[in-house]
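Please walk me through this model, starting with the ligand site and then moving on to the sheets and a few backbone details.

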Amino acid sequence: MSYFVINKSEDLSGVIKVQGAKNLILPLMAAALLSEGITIFENCPDISDVRYTIKILEGFGCRVDFYDSTLSIDTRGFNPCNIGSKYSEKMRSSFLFMGALLSKCKTAKLSMPGGCNIGRRPIDIHLKAFREMGVKIAEDRDEIFADARYLRDAYIKLDFPSVGATENVILLAVKSNVHIVLDNIAREPEIKEMCNILNKMGAKICWESDSRIEIYGVDKLKPVRARVMGDRICAGTYITAVGLCGGDVIISGIDNNSLLGMSDIFLRMGIEITNNSKDSIRVRCNRRTTNLTSIHTEPFPGFPTDIQSPLMVLASVSMGTVRLTENLFENRFRIVNELNRMGADIKVENNVAIINGVDSLRGTDVRATELRGGAALVLAGMVANGVTRITGIQYIARGYENILNDLNKIGGKIVCHME
Ligand code: UD1
């Protein structure tokens, strides 16, 4: 069992570069299946979700090389097969292969994506949109069988701007003989970038407005070489570290525009974020941060659910009281007990956490049970007096390539122990 031991850190300084975006590379790995040949993604993060997805691609007969942040996927040996429950249970994003597989093979069978420890995460919006495109779907408790041999043109308005459902429809439609208008899509920057890269591959995706696209299916997509944009959630995590410990840090590999929805909240709490160059920001904080009255998570461009746990740590030691509402995933308050054991004052009423800022946290033994909550506990360890020991750090590796090195580079005091 590996665990982190963390000592209090003060006055962070220096430069860190954020890794490539997890939420872009995962759909891109499914998109690579749509072309014949070798697709190359640069700035690919070395995280366990990418490693699992490589196994899925290898299961399809693709040859995958991953070296020095460059991922190359050769689809010429592709063999249709099913994604077993081994991967779909581990990673919900494996369901993104549904759209790509249906486009490529016309029929596909997938194990039901497992529930997940941040909430139920249903797939009804994906399935409804597929059905509207003419896909026939049969589901039982464990498996989904889909037949996309008779697709039709459609106007589809998603009931909710689901990131995964938007990506799945795009992945099916871009290389099928259909014209799809997709409305109320997720507006996350990773979706825009995925469409840009698909268009580079030869797709015809046109933006009608921020939340509506038209997809004209094409016969063929070609492999490309593309760079994965910086991970805004990692950037948000490191901005929070500066808010907690104070300091003056340059975060490179990210531009301020993709931080929409979170930078405003950080600024209002007292963290200064300015452009440093085209793809780097400067983050400064030299006083105790102040809680806003209320914050709630929303789809982009609202405050991201993936930064809710780090923000909860910041709110725990900021002045005043905040009502933090989680609107997307019902189990995203799992760190509350751990933070309260560290001295925080947080009460939960349904999907609202009422956080009274305290003067300080104290280090103790805590356990991570999911990705973003795990990263948030690392941040709590950095601001707590004394020593914090965090187990369950394998969850953090799902989305952070090397949180320990990154934070230590700017003054963190984190040691990894392996037993
Ligand atoms: C993606 C991100 C995840 C982020 C989330 C919300 C990836 C790999 N993951 O997850 O990091 O936290 O967006 O920004 O990109 N929903 C339904 N039915 C569906 C689909 C979704 O009810 O068929 C609900 C979900 O339960 C949730 C909300 O819609 O409440 C948002 O989910 P969605 O946007 O689909 O998130 P993911 O794509 O799973």
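By class, the shell around the ligand is made up of seven nonpolar, five polar and six charged residues. In this count Ala, Val, Leu, Ile, Met, Phe, Trp, Tyr, Cys and Pro are nonpolar, Asp, Glu, Lys and Arg are charged, and the others, Gly among them, are polar. The model is a predicted one: local features need pLDDT of at least 70 and side-chain atom pairs count only at pLDDT 80 or more, while totals for chains, interfaces and linings use all residues. Residues are numbered from 1 along each chain as its sequence is written, and side-chain values use heavy atoms, with hydrogens and water left out.

There are 18 residues around the ligand, and those that come nearest are Asp-124, Ser-162, Val-163, Asp-306 and Leu-328. A residue is near a molecule or strand if one of its heavy atoms lies within 4 Å of it. Both domain 1 (2-19 + 231-418) and domain 2 (22-227) contribute to the shell, with at least three residues from each; the domain bounds come from an automatic or database domain assignment. Helix 5 (124-132) and helix 6 (163-173) each supply at least two residues of the shell. Helix 5 gives the most, with three residues. Helices here are DSSP runs of H or I with at least four residues, strands are runs of E with at least two, and both are numbered from the N terminus.

Which atoms of the ligand lie 2.7 Å from an N or O atom in the side chain of an aspartate? For Asp-124, the atom is a nitrogen of the ligand. For Asp-306, the atom is an oxygen of the ligand. At Leu-328 the backbone takes part: one of its polar atoms is 2.5 Å from a ligand oxygen. A polar contact is a pair of N or O atoms within 3.5 Å; within protein, one must be able to donate a hydrogen and the other to accept it, and residues adjacent in sequence count only if both atoms are side-chain atoms. Taken alone the ligand exposes 730 Å², and the protein buries 87% of that. Accessible areas come from the Shrake-Rupley method with a 1.4 Å probe; for residues, only the protein chains shown count as cover.

Four strands form an open sheet in the order 4-5-3-13, and the pairing is mixed. Its edges are strand 4 (63-67) and strand 13 (225-227), each of which pairs on one side only. From one strand to the next the twist averages 15°; axes are lines fitted to C-alpha atoms, for helices over the stretch in contact, and angles run from 0 to 180 degrees between N-to-C directions. Two strands pair if DSSP finds at least two bridges between them. Strand 3 (residues 38-42) and strand 5 (residues 70-74) run antiparallel and are joined by four bridges. Ile-40 has Ser-72 in strand 5 as its bridge partner. In the loop between strand 4 and strand 5 sits Ser-69, which has a positive phi of about 70° although it is not a glycine.

Another open sheet has three strands in the order 6-8-7, with antiparallel pairing. Strand 6 (107-111) and strand 7 (136-139) are the edge strands, each pairing on one side only. Five bridges link strand 6 to strand 8 (residues 143-147). Within strand 8, Ala-146 stands opposite Ala-108, and Phe-145 stands opposite Lys-109. Strand 7 is joined to strand 8 by four bridges, and the bridge partner of Lys-136 in strand 8 is Asp-147. A hairpin connects strand 7 to strand 8 through three residues.

The bond from Phe-300 to Pro-301 is cis, with omega near 10°. Pro-301 is placed in the loop between strand 17 (294-296) and helix 10 (308-316).
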